[in-house]
Amino acid sequence: MAWRRLPLLAGAAVALAAGITGGLALLIEAMPAPASFTEHHGPLMALGFLGTLIALERAVALRRPWGYAAPALAAAGAVALAAGAEQTGRLALTAAGGWLVGVYLALLGRRRSRETFLQLGGALAWPAAGLLWLAGRPVAELAVWFAAFLVLTIAAERLELAHVVFLRPAAWAGLLAATAVVGAGAVVSLLAPAAGARTAGAGMVAVAGWLAFHDVARRTVRGSGLPRYAAVCLLAGYGWLAMAGALWSITGLASGRYLYDAALHALFLGFVMSMVFGHAPVILPAVLRVRLPYRPVLYAPLAALHAAVGLRVAGDLAAAAVVRTLGGVLAAVALLLFAGCAFALTRSGRARVAPPRGPVGAPQPPRGPRASWRPRANPGVVVGCLLTAAAVVVAVTGVSAPPTVTATGSRTVDVTLSGMRVRPAVIEAPVGTVLTLRVTNADAQRHDLRLATGERTPMLASGQSSTLRLRPLGEAVDGWCTVAGHRAAGMTLRITPTGSAAATRPDQGTGHDGHGSPAAAQPDAPARLDLAAPMSPGWTPYDAALKPAPGGTEHRVEIRADDTVVQEVAPGVRQRVWTFNGTMPGPVLRGKVGDVFTVTFVNDGSMGHGIDFHAGANAPDGPMRTIQPGERLTYRFRAEFAGAWLYHCSTMPMTQHIANGMYGAVIIDPPDLPDVGREYLLVQGELYLGEPGSQAQVAKIRQGDPDGWMFNGTAAGYDHAPLTATAGERVRIWAVAAGPGTGTALHVVGAPFDTVYTEGAYRLRAGDPGGAQVLDLAPAQGGFVELVFPEPGTYPVVDHTMHQAEAGAHGLVKVSAPQDD
């Protein structure tokens, strides 16, 4: 019976209410909201609200009681997520996606069709996203999977309408190919998030073009009444789908906060919600047995929706905070206005005639004799649904909010963000005090401040300020900067009632990392790397062969920062790293004493980055400053001294930026450096497994407890792809210790060094009576050794700090016999 579906719709309504509230709180700094609403805004809308509706509609179509488990799990997961029970919510939402796959398989058992197969493909993206979420992937990397789920599902719904216009096989194939590109983008995003988003974006543009050309809405828009209204919804939505696809293709969802925001909302708000508005007159009667008659007033929320999306996207593209906030508020108004119109129209629908069950926008068949039907529910079910949703939202908010406390006074505190610290780190005040925090960013990079009670500042550039007004103080409140890794690095605040037992060290947070995800959700690092395991198929080692210094005295280089690259850091172990030009270590710069390097530094990442060349002599204020996503600067230095130099990211906390891969080498040849048979470069770095910036990973970095050590970005990589040499050939091995906390004692087993050059000076030259066994380098130091391999064989090259060698600072040199001339 229809009334049994009310709790499921109530769960969807909770997700919608929590998602809207969280979205507004992200835009309006003074708006309080539970942290669970803001942190899970995306999943609440994509899976909690839309997922529940889609699963419920499919369960109704299946007409089997077990099918309702999918929307029930989705609704329960949404409520749990909104209530702050994150792990429970993730599990339930993931299970809902898996159950929906089962529903589609059952529907395919009844009738095989292209559209149902396509819906099944979209449904598979839901549990895939859930499993990745449970494995610790940040929500930002799941957006492509959410998009695949919704775009494929909606395209399949529209594909049903193709029967009206008798499409040729080639046209069917066109849509299937376009949607396949969207799905491929989700798969590609597993290894390369930016490339996956770009691929999916290209598919979205193709899907939008196909739908705009083939959908029957192109004809029915010239009609009147409901068919015309539905067609307007559909065609406007296709326009936003094309816009979203273009933004995804251009940005890869990795070009800064505003472009990321524009790309997401063009799709999920402009396209998807327009589809919801257009399909509601058919879905609501099918689900609740309540007629939603068409009236021209439905154009009011539709117009508000598209005006809101236009403002939101324009504000994002122009980085105009006021405009994007206005768009966000208007979008919330549009959604609420549509709900109000739907409620009013169901009450005004006196003629209870079952609506035709056909695709939205299709020409309606001629009506026969008026067939009345006895509804199993009346407009009261809508009232009950709304009241139930309101009650649950109140309950959820009550769970998340602190107990009511009577205000006893007020106090204003100046809070400064700088140097990876919040100052003061602890604020004490009597119970009932209404605190006003005047937050100022005194740092060169951007920061914000979020409180566990929901209050938050916008992202503040250097010198910017914002004010937070808190509720009367009743219990301890944690605060932190949400930029990746900053909370774990120590940017935390603790507000505690005077004398409260809740007062603890300010670095004891509530278990969230910089992205707002529980640290417990981060994948546990293996206790011991299996360095003998095979490398993954397709892995290629970092090329250690060092090319000679290029000619000329001026060198122009472009270096791009990217914090979305996924790289194999040990045999079979892949994780996200922060890179220069997409590799760890970054590109090698080589020249001679007196050469001038002009470096164009571009930040393609999602957070602030800088760059520091140890080989240059420059005041750090300008060229080494942190630049924000999308910005660039020119770094120019003259190499006055020879040596093997380190360069690295200069943004705090530098330990994290270096440990996650943002380092490289500059080689400046000593005068009259003789030619040798081969030259190699080994940059040794520490390996810290886990999501960059997570509490668990940063704790290891701060303790100086790496999971392993690497030569050129992969632990034991040159065991699997050995370097090569020829017996009797002189080989020069350059080395740089990137750290950030440990150096190296470079040693080649079986071949002593006859030349050692360290930190700009020779310590040993060929022809001297002595020899050397180790090139010892502290963190950030560099140099080279030369040796001649005495005979063919396999020679290990290791860090003779043996526990570091056994944890990955180990490689091989395969030496062959010389070829006869």
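Select helices H12 and H14 to begin: Arg228, Tyr229, Val232, Cys233, Ala236, Gly237, Trp240 and Leu247 in H12 meet residues of H14, namely Tyr299, Leu302, His306, Val309, Gly310, Val313 and Leu317. Contact here means heavy atoms within 4.5 Å. Helices (H or I, at least four residues) and strands (E, at least two) are DSSP runs, numbered from the N terminus. You are looking at a predicted model, where local features need pLDDT of at least 70 and side-chain atom pairs count only at pLDDT 80 or more, while totals for chains, interfaces and linings use all residues. Residues are numbered from 1 along each chain as its sequence is written, and side-chain values use heavy atoms, with hydrogens and water left out.

Stay with this pair for a moment. H12 covers residues 225-251 and H14 covers residues 299-317; they pack at an angle of about 10°, with their axes 11 Å apart. That makes H12 roughly parallel to H14. Axes are lines fitted to C-alpha atoms, for helices over the stretch in contact, and angles run from 0 to 180 degrees between N-to-C directions. Angles under 35 degrees count as roughly parallel, over 145 as roughly antiparallel, 65 to 115 as roughly perpendicular and the rest as oblique. Sorted by class, the contact of H12 with H14 has eleven nonpolar, three polar and one charged residues. In this scheme Ala, Val, Leu, Ile, Met, Phe, Trp, Tyr, Cys and Pro are nonpolar, Asp, Glu, Lys and Arg are charged, and the others, Gly among them, are polar.

Next, select residues 6-27 and 41-62. These are H1 and H3, whose axes come within 8 Å and cross at roughly 155°. H1 and H3 are therefore roughly antiparallel to each other. On the H1 side, the contact includes Leu8, Ala12, Gly19 and Gly22, and on the H3 side it includes His41, Met45 and Phe49. This contact has 13 nonpolar, six polar and no charged residues.

Now zoom in on Gly22, which lies in helix H1. Is Gly22 buried or exposed? Gly22 is buried, with a relative accessible area of 0%. Buried means under 20% relative accessible area, exposed over 50%, and partly exposed in between (1.4 Å probe, protein chains only). Leaving aside residues up to four places away in sequence, Gly22 touches Phe37, Thr38 and His41. Its C-alpha atom is separated by 8.0 Å from that of Ala35, 13 residues apart along the chain.

Among the residues in contact are Pro43, Leu47 and Ala59 of H3 and Pro71, Ala78 and Leu81 of H4.

Asn618 is partly exposed, with a relative accessible area of 26%. What does the side chain of Asn618 reach at 3.1 Å? That side chain reaches the backbone oxygen of Arg636. From C-alpha to C-alpha, Asn618 and Arg636 are 8.6 Å apart in space and 18 residues apart in sequence.

Finally, zoom out. The protein has 21 helices and 27 strands, and 55% of its 821 residues count as buried.

Notes:
Polar contact = N/O pair within 3.5 Å; in protein donor to acceptor, adjacent residues only side chain to side chain.
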